[in-house]
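User: Got a structure to go through with you. Can we start with how the chains meet?

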There are 2 protein chains.
Amino acid sequence: MAEVFSVIMAGGVGSRFWPLSREKKPKQFLDILGTGRTLIQQTYDRLVKISKPEHIIVVTNEDYFDLVHQQLPDIPEKNILTEPLRRNTAPCIAYAAMFVKAIDPNGVMIVSPADHYVGDVSEFVATLSAGVNFVRDKNPEALVTLGITPSRPETGYGYIQFDVNARHQIDGKVIYKVRTFTEKPDIETAKIFVESGEFLWNSGIFIWSADTILNSIKEHLPEVYNEFSGLEGEKVNDRERIEQIYSKVPAISIDYGVMEKDKNVYVIPADFGWSDLGTWGSLYENYPKDEEENVIQGNNVLVFDTRRSFINVPDDKLVVVLGLENVIIAEADGMLLIANRDSEQQIRNIVNRIKVEKGKDYI
Amino acid sequence: MAEVFSVIMAGGVGSRFWPLSREKKPKQFLDILGTGRTLIQQTYDRLVKISKPEHIIVVTNEDYFDLVHQQLPDIPEKNILTEPLRRNTAPCIAYAAMFVKAIDPNGVMIVSPADHYVGDVSEFVATLSAGVNFVRDKNPEALVTLGITPSRPETGYGYIQFDVNARHQIDGKVIYKVRTFTEKPDIETAKIFVESGEFLWNSGIFIWSADTILNSIKEHLPEVYNEFSGLEGEKVNDRERIEQIYSKVPAISIDYGVMEKDKNVYVIPADFGWSDLGTWGSLYENYPKDEEENVIQGNNVLVFDTRRSFINVPDDKLVVVLGLENVIIAEADGMLLIANRDSEQQIRNIVNRIKVEKGKDYI
């Protein structure tokens, strides 16, 4: 029977969370929720309920090999696939699929970002298992994605529209044929989406057989497929070969490059308390708050007359906050950000400016 | 001819400027204006244009003896009078007057706080000189104070009302008999004061002969005078004697205890660009500002979409401020304050809470 592999995509730089998240140690390698486990460790903890450690694969930038190895010591070193350049998700998935296929030509792959929040792990596992069974037993040609039941008209996520008339069931879960993928909408569009009941948030979590996704990439993204073809057997860990491939392969997302174009895409509505933790806002939502709706992390923080603020500072730092509302205060490695929460979209650009003005050491 | 002594009162703790100003090193010992000289050094620089270094006296808390000695090395050690306890200005002035009288029974004293801002030093010297000449040549019984011509209805200062009909001239300066002293008024009263043209800000800068102020203290504050009487000649530096005195003497200000009661009080209207630097607001007024009216001190501060804010952080600290208005951001010794500028009155109380909750090391 086909083995179930889990692929953790862990190449992001998380610049939106500067200065907590640094290029040297991005968000996925931080215990940003204060649970005692980093985000990638929590992702591993969830997936190891479905895949054996030797079938868990991490794709990451080569700068993060050591961090992955330290944080996930149970994964074989050879399962840490490192990318010399950032080329978005399609090349990353092609690479992982080649690796899986080399081990098990019938292998089924779960693909998950390293840095998401999941509240209900049992439900997460049950949903993924249904997807795995669908791909393995019912429809090996299917590309399956998890779609989160939206709780608000969020403009920070992409949406998946499903076909209410193409409804299947597997292991007590519903699975629909997908009609459309939509990029991040404006607020009016998001409201219409949510009210219609036909749209789900795009979680970026996928289930498919390695062979099927490679065929889809071959069909829709030959310029990606052709670079990776022939990367089989022993060659999947050949550094020189990988560098050659990445120097030529275009940067493109699996959503844009494959999922939006393929005819055989399915979505399982999922409801396990999910966030992509992609913004300070979504991070704020996932923390416990004090009576004034502040999230305070740091053992030496005194707040007075302060509301709806997000404070994350080192435990040994005495910080007094007085008379403020709706601000982010974050300090790490001696660098301090103080921002209006409504301005957080600008942080990524500011980090680019810091890189230019102050140098790489600060980002 | 009587010598001119200058007494610098330097015992304050400056808790309103926490964390820049610390109990271990208060505001007067900091180069808070970024001029290259601390506030007490600038005070010395002004007064040494009138008094010889050996006639400049500093009264301070005994904890600050070393700081004074380091920062003002030209003052003889014996001129640094240390108080074992904080007892407000009347005991401080009685002590200094005893010291002066022991050196020169006819000595004239200028008394000045250590931590004020003066813009026009020549005008400051000219004004003080007129006062000295008035006391020395015209009216040895006079208690003279400098009153700052108000530029706004400030509620943070006390006011001095002068008698428009009792006007004298000396060295090109006008000097009036004082009618009343008023504590910090509310805004409506302050407006009436300023519009009347009869009120000046109480600067806390005085000129009198040592003998005269001692007689006035004897008359109005016998409970202070009696403790200090007999403290003459060699005894003025007798630590044990001073400790005895301070353990018994009440805490009371010279304004409340003497100036408001005495009949022989004069004021010279002064206009040399003055601030008591008693609030973040007054400090803010005395700094150059950027186009968005921000005062930024620190070589690694990046501000975006931020206005009317006051940022004072170490030069080596990277601080990013985004989308804020009207805030104070101050960091020193690893302690951080972020406050709405309109809430600054609460800082003093908060520092007391820090002392209770976190311990003395933090204040």
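**Chain contacts**

Analyst: This is a predicted model. Between chain B and chain A, 16 residue pairs are in polar contact, both at pLDDT 80 or more.

User: Which elements of chain B give two or more residues to the side that touches chain A?

Analyst: They are β13 (301-304), β15 (318-322), β16 (327-332), β17 (335-340) and α11 (347-358) of chain B.

User: How many salt bridges between chain B and chain A?

Analyst: The count is two. B:E331 forms a salt bridge with A:K317, with the closest N and O atoms 2.8 Å apart.

User: And how much area do chain B and chain A bury between them?

Analyst: About 2900 Å², with 67% of it on carbon and sulfur atoms. In chain B, B:L318, B:L322 and B:I338 lose the most area to chain A, together 24% of what that side buries.

User: What rotation superposes chain B on chain A?

Analyst: A rotation of 180°, with 0.0 Å of shift along its axis and an RMSD of 0.1 Å. That is the relation of a two-fold axis. Also, 100% of the interface residues of chain B are interface residues in chain A too, so the copies meet through the same surface.

User: New topic. Which residues of helix α8 of chain B are buried?

Analyst: B:I242, B:I245 and B:Y246. Down the axis of α8(B), the buried residues fall within an arc of 95°, so they line one face of the helix.

User: What covers them?

Analyst: The cover includes β3 (80-83), α3 (89-103) and α7 (222-228) of chain B.

User: And which residues are exposed on the other side of α8(B)?

Analyst: B:E240, B:S247 and B:K248. At the start of α8(B), a side-chain oxygen of B:D238 reaches to within 3.1 Å of the backbone nitrogen of B:E240.

Technical notes: Residues are numbered from 1 along each chain as its sequence is written. Chains are lettered from A and ligands numbered from 1 in the order in which they are written. This is a predicted model: local features need pLDDT of at least 70, side-chain atom pairs count only at pLDDT 80 or more; totals for chains, interfaces and linings use all residues. Side-chain values use heavy atoms; hydrogens and water are left out. Copies are superposed by least squares on the C-alpha atoms of residues with pLDDT of at least 70 in both. Contact means heavy atoms within 4.5 Å. Buried means under 20% relative accessible area, exposed over 50%, partly exposed in between (1.4 Å probe, protein chains only). Helices (H or I, at least four residues) and strands (E, at least two) are DSSP runs, numbered from the N terminus. The arc is that of the directions from the helix axis to the C-beta atoms. A polar contact is a pair of N or O atoms within 3.5 Å; within protein, one must be able to donate a hydrogen and the other to accept it, and residues adjacent in sequence count only if both atoms are side-chain atoms. Buried area is the accessible area (1.4 Å probe) that two parts lose on being put together, summed over both. A salt bridge is a side-chain nitrogen of Lys or Arg within 4 Å of a carboxyl oxygen of Asp or Glu.
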